[in-house]
Structures are given as C-alpha cells and as structure tokens.
Amino acid sequence: MNCILMHKNCYSLKSLLKFLVKSTKSKYLILLLAAAFVINSKLFAQQGNNKVAFFGLGRAVLQQTQLSGKALDSDTSNAKQANSGNTLIDVGLNVKPNANTQINLIFRAKNEFGGFYGSGATVNVRQLFVKGAIAKKINYKIGDIDLKQSRYTLWNYDEEGRVNESTALSMLRDVVYYENFYNKNNEWRVQGAQTDFAFSIKNIIQKWNSQAYIARIKVASSAPEMLINGVSTTIDQSKFLTLGLNYANTFEVAKTSSEPSTFRNPVFTVTGSTKLQTDKIEAKLFTEFGQSTLEYINTTVPVNLKQGGMMEVGASIDLKKIGLVASASFRSVSSDFFSAGAQSKRINFNQSASLFPTIGNDFATRETNLWDLSRDTRLYNRNLSQRLMNYNPRYANTLAYGDATPNRQGAVFNINYKHKSEIVDAFLQANFLSNIKGEGALEAKNYQLIKTGANVNIDKILESTRVFKLSLGFGMDKASRNGDTITSVDYLSNIIDAGVDAEILKNTEILLGIKTIKAKGKEYIPVRSGYNQIENFTLLKDDHKETILAIGLKYKFTKNIFVALQHHYVKVDDFGKDYKINQSFILFNLIY
C-alpha cells in the first residue's frame, strides 16, 4: 500500500484520514486532504496506472490603483489609493476508478496579499462532481454541473459593455469569467444532477437526444429554497429536419423557510429547423415559439398569474466557399414573458464596486463604470433571479436581458464573414425593434441596436510568424418615443472598442487597447416590485462619457504560461463630475 511520510511517520491513506477527522481547523483539514490525494494519486500514477490525471491553474495578481479628479477636490472622507492582489493555485484531480465512472475535484488555496504567515489564507473545494454512464447508454452527472437549453428557457447571456473587446482590456475579464464559471457556451453553473441519452430508429429517426436535470439555485434563508428542473429533447428526423422541445421550471419549495409565499415559473418552447445543403451552400429555415407562466402563491396581497409568449422565425444562408453566413429573423417577446433561466443578468447593478465604492464626503455610491465591469468579480452574478434585475441603459437598453428581453418585437439581421486564410473575420448585427405595448405611455418606444466588429490578422498578410492583430468594434443603442415634453424619449449610447496585439520580440507582445462610451438623452427606466410588476419609472437625463486606455506587455513562457504588466487610465465625465482612475497591475497565469 502507498504511504505518505509525515514527521518521520509512515501513514496509509486510511490512517491519515483518521488523523484529519480529528483536526479542528477545517482549512487545514482540507489542505491535508488535498495533499493526501495528490501524493497518493501521483504514486499510483507512477506505478503505471492512467486512472488519475492532474490539471489546474495558478495565478498571481498585484494591483496599485489611484483615484483622482474634480469630484474628489473636497473629499476628505474616502481613500484615494488602494493596493490589492492575491495569489492562488487550483489543484485538480480527474479520477477514473473504472471505465464508466469519473470523479472531478478541484482544491483551491488562496492568499490575499497583505496576509502573512497564513493570515488571510483560505483553502476550499472549488469544484466537485461525479459523472459516468449506466450500461453505456445513459450518461449522468452529479455535483457541480453546467446547464443551458434554448435562448428563451435557460441561457447565460454575455454581459453588456463590450463589442469585440481588445486583448488588453479583456485580460482581467478572463479572470472574472474563470472565477464565476462562465464559458463560451453560455451555460449556468449550478449544483444538482443531470442525465442525458441518445438513440436512433432506423429509417425513422436519425438521432434522438434528451437531457433532464434538477438543481438547487438558492438555499433556504429568509426566503424559501429555490430549485430548477427541466427537460430538453432534440430530434434529428433526417439531415433535412430537426425538431426540439425545451422545458425549464424555476420554483421555490414551500415550508423551507418562515416565508409562506412561493413562486413558480415554468417555461416551455418548441424549436424546429429545416435545411438544404450542397458543397458550396447551406440554406436553413428555423423557428422557436413558446410560453411562460409566472405565479406567486400564498402572498399577503393578491398577485395575478401572468402568462406570456414568444415567437421567432427566420432564415439563414451559409456561402461556404467565401466564408459568409447571413441570417434574417422576426422576433416577438411579450411584455408578460418571464424566464428566470434566460433573463437573469450576469451583472448585478445593485452591487457596489470593490475599489472606491463611495465618493464624496456624503459617501455617495460611485456608479459602476465600464472599467469596473471588465475586472471586478464582485459585480457578477452566478444565480438565477426570480424577478427582472436592474439594468443600466448606458450599456444595454434595447436588449437589456438578451434576446429574451420582454416587450420587444421586430426584425434582426446578422452577417458573419471569415476569410479562408484567416486574414479577416468580421460581424454585423442589426436589431430594429419596438415595444409591443407602451410602458408608461400609450406610444410604443422604437429601438435600434447595431453592433459590428472585425479582427484583422496583419501577420497573415505579411506572412510573419509573429502575432500582429488589429481588433475593432462599434455599437450603437438608440431608443426613441414620440410624445409631449413629459412622455417623449430620445436616448443614444455609442461604444467603441479597439486594440492592437503586436509581438515585438519572440514571445513578447505589446498590448494596446481603447474603449469609449458616450450616452446622452432622456429615458425612463422601469421600477419593479418584488412580484416583478412595474410600479413606477425613473427618469434618466444623461450626459455621460467614459474613456479607457490600456497599454502593456505580455511575455509567454509557454502556450499556457504568461506574465503581463499593464497600465490602465480611466476617465469618467458625468455632468461635469469627472474623476480618473489609474491602475498598474502585474498578472501571472499558468494552466497545467
């Protein structure tokens, strides 16, 4: 039996576990347990067994930040400089006890800078799940799971405030994504169980895929425990026809807290697509339609049950030879459509920033800006919300809740282009929408949302082996409504993203980035009750500007190990109350 040497004594894993159970400090218990797993598993692997694999991440970041500007001229109550940072390591184990079972476990050890001799250090379990297959037919996963369905039932939409963002400004955003378990698949990280299976019926069904899940969204406290369960089925009848069904039900469990009222929010949609394709072209028709229900039970005041619907129909064409994909669709999402799984936002605008949260002698909350959104993990949300969350129209107004934004209908156009030699990839998205019914006025608002961007790989043009890339992005978000001096709306927000990545020496890149936003005009923002009903509107008269400049160096030791040094300059002008933020940081990151 493998053993571990500790203080001149040799312990088997069994005896070591007995020792750990007697430990009174949980963080040391977890740390020792992690060491036991790592050392024993490594010895096990060295004996020629491939049932254990190691993976993980290490990161260190050190930041020095200064706040200045006219808004702080008479401020004697708030700090104007902050030093922060941390170092951490995630140790992951992927254990396969047999061909049909896999255990995935990540231990994390983290130390905030400023903590000495273990002060401020934490050790915990970051991820744990078990997955496998039953009779090689039915897959299952229990523990930490990632879920998504359709864009109207369960979908983690990207946050606002970026359009083809530069590498310089997205570097800390990547840290935020990792910390919040966000990925490119728009999945929500939850804890629960899921299962899926697939089969076919000769000459009838080419492939039938189904998944089912149940997960806990919120533990019981002053409010009841919240769960979500759902089912998705996709049927590929042939290479020409695909049908699907999605069902997601978010609900609170009665009697799990002293609060008697609960809510339930079942949502279902039906999808379908048909396509024709050749070696040169693929043409597709697609649709999705469905209904939501929002019901509050045992409330102290009467709350009407709400049912809403959505519908989308469109067509797309893929010109394979030239790398062009275009689509056009019509979308309608009713004002009463509510889907906790699809309309919950990543950004919690009720949360204050971690750096310089207040400003002025009256300790007024400093509004979250684009720079905060690019780096502050504290502002991000991991849970589904049982009501529509607050939003800031400066950063997203037309589609504040993604494609599932309620009370919107109209036309949507998309064009994507990718050069066959990867010299250029570009995109254009245009949304021309309006309210289905007026909000706060009889007249409906009209919305225009345009996003476009391109990446130009100049190194491909020059046939160079060194990276030289230019990135560009532009977004326009406009809302308007006819009416008198009170009810009229005219609000416009423009955002620009641009950046350069240039490998000036082997493995050494200079990074440049710029982001600007200008928001001006008059808009009304809905104020909702705890039962998701519009109670009032907040008048926003805006004249807001933000500019972010970034410059830095990045050195790559290997493909998965790099160190970066950057400086960010941020200027915010809000009705003449301007302030500036200067931050320098060092980031070391390794993946193994």
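The model is predicted, and local features need pLDDT of at least 70, side-chain atom pairs count only at pLDDT 80 or more, and totals for chains, interfaces and linings use all residues. Residues are numbered from 1 along each chain as its sequence is written, and side-chain values use heavy atoms, with hydrogens and water left out.

Lining residues have an atom within 4 Å of a point. Grid points are joined across faces, edges and corners, and a volume is the space filled by probe spheres set on the points. Helices (H or I, at least four residues) and strands (E, at least two) are DSSP runs, numbered from the N terminus.

One cavity of 30 Å³ or more is present in the structure. The volume of the largest cavity is about 170 Å³. Its lining comprises 17 residues, with Leu388, Tyr391, Tyr401, Pro526 and Arg528 nearest the centre. Two or more lining residues come from each of strand E18 (400-403) and strand E24 (508-528), and E24 contributes the most, with four residues. By class, 10 of the lining residues are nonpolar, three polar and four charged; here Ala, Val, Leu, Ile, Met, Phe, Trp, Tyr, Cys and Pro count as nonpolar, Asp, Glu, Lys and Arg as charged, and the others, Gly among them, as polar.

A hairpin of four residues joins E10 to E11, and Asp236 stands opposite Thr242 in E11. E11 also pairs with E12 in the antiparallel sense, over 11 bridges, and Leu245 has Val270 in E12 as its bridge partner.

A nonpolar core is a set of buried Ala, Val, Leu, Ile, Met, Phe, Trp, Tyr and Cys residues joined through side-chain atoms within 4.5 Å. Buried means under 20% relative accessible area, exposed over 50%, and partly exposed in between (1.4 Å probe, protein chains only). The largest such core has 37 residues, and Leu370, Leu373, Tyr380, Tyr579 and Leu587 have the most contacts inside it. Elements giving two or more residues to this core include helix H3 (167-179), E24 and strand E27 (579-591); H3 gives the most, with seven residues. A second, separate core of 26 residues includes Phe338, Leu388, Tyr391 and Ala519.

Contacts (heavy atoms within 4.5 Å) were also listed for Tyr380. Leaving aside neighbours within four places in sequence, Tyr380 is in contact with residues including Arg173, Val176, Tyr182 and Leu373. Arg378 lies in the loop between helix H5 (370-373) and E18, and is partly exposed, with a relative accessible area of 41%.

Technical notes. 1 Å grid on protein atoms, 1.4 Å probe; cavity = no way out; pocket = protein on both sides within 12 Å on 5 of 7 lines; lining within 4 Å. Pairing = 2+ DSSP bridges.
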